[in-house]
Amino acid sequence: MHYQGKAHKVGDHIDTDAIIPARFLVTTDPVKLGENCMSGLEPDWVSRVRKGDIMVAGRNFGCGSSREHAPVAILGAGIPVVIAHSFARIFYRNSFNMGLLLLEVGDQADKIHDGDQLDIDAAAGTIRNVTTGDSIAVLPLPSSMAEILDKGGLVPYVRERLHSQAAR
């Protein structure tokens, strides 16, 4: 799992209502949700994002309600991975279930600035800041989690496993 993109930095304690405000929860369409990603923080935030860019957050990212729409909105905005100091636990699990990679790096998140170009090798456990030359080591993704992400989330993963079992 290899990612390259521009860093979009957000702060500490960004809750799920900032990620995708409740007024946009009338759909589960990732594209529609992505169009409004982070609009609770800044209405035009998503207009700066290009497909493949990377969100970088501070402490406790994804706190608040447990809505699954939040990681779907991030994915719908074209962001495949979020790096943060730390994540709210239920957001962490929901994100992997929805197919969004999260990398928790503690204080190392401070080494990344808005606009930096990043190169991430999740399998090797490395984040390289191409702009500054800094490297951040993270725990390599367990193969079981990588497999869920490769399938696009928990539901497609389980669906494929059940289908392969039924075919035997």
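Where is the place of H13? The exercises below work through this and other features.

The model is predicted: local features need pLDDT of at least 70, side-chain atom pairs count only at pLDDT 80 or more, and totals for chains, interfaces and linings use all residues. Residues are numbered from 1 along each chain as its sequence is written, and side-chain values use heavy atoms, with hydrogens and water left out.

**Exercise 1. Locate H13 and M38, and describe their phi values**.

Solution. 
- Step 1. H13 sits in the loop between strand 1 and helix 1 (16-19). Helices (H or I, at least four residues) and strands (E, at least two) are DSSP runs, numbered from the N terminus.
- Step 2. Phi of H13 is near 55°, a positive value in a residue other than glycine.
- Step 3. Now take M38. This residue belongs to the loop between helix 2 (30-34) and strand 2 (54-57).
- Step 4. For background, most residues other than glycine have a negative phi.

**Exercise 2. Give the strand order of the open sheet, and name its edge strands**.

Solution. 
- Step 1. Seven strands make up the open sheet, in the order 4-3-2-1-5-6-7. Its pairing is mixed. Two strands pair if DSSP finds at least two bridges between them.
- Step 2. Strand 4 and strand 7 (135-137) are the edges, each pairing on one side only.
- Step 3. Neighbouring strands are turned by 25° against each other on average, direction ignored.

**Exercise 3. Describe how strand 1 pairs with strand 2 and with strand 5**.

Solution. 
- Step 1. With strand 2, strand 1 pairs in the parallel sense over three bridges. Here H8 stands opposite M55.
- Step 2. With strand 5 (residues 117-121), strand 1 (residues 2-9) pairs in the antiparallel sense over five bridges.
- Step 3. Y3 has I120 of strand 5 as its bridge partner. H2 stands opposite D121 in strand 5.

**Exercise 4. Follow the chain from strand 5 to strand 6**.

Solution. 
- Step 1. Strand 5 and strand 6 (residues 126-129) are antiparallel partners over four bridges.

**Exercise 5. Work out how helix 3 and helix 4 meet**.

Solution. 
- Step 1. The axes of helix 3 (residues 69-76) and helix 4 (residues 89-98) come within 8 Å and cross at roughly 50°. Axes are lines fitted to C-alpha atoms, for helices over the stretch in contact, and angles run from 0 to 180 degrees between N-to-C directions.
- Step 2. The two helices are therefore oblique to each other. Angles under 35 degrees count as roughly parallel, over 145 as roughly antiparallel, 65 to 115 as roughly perpendicular and the rest as oblique.
- Step 3. Helix 3 contributes A70, P71, V72, I74 and L75 to the contact (heavy atoms within 4.5 Å), and helix 4 contributes F91, N94, S95 and M98.

**Exercise 6. Find what ties helix 4 to strand 4**.

Solution. 
- Step 1. The structure holds six salt bridges. Each is a side-chain nitrogen of Lys or Arg within 4 Å of a carboxyl oxygen of Asp or Glu.
- Step 2. R89 and E104 meet in a salt bridge (2.8 Å, N to O).
- Step 3. R89 lies in helix 4 and E104 in strand 4 (residues 101-104), so the pair ties together parts 15 residues apart in sequence.
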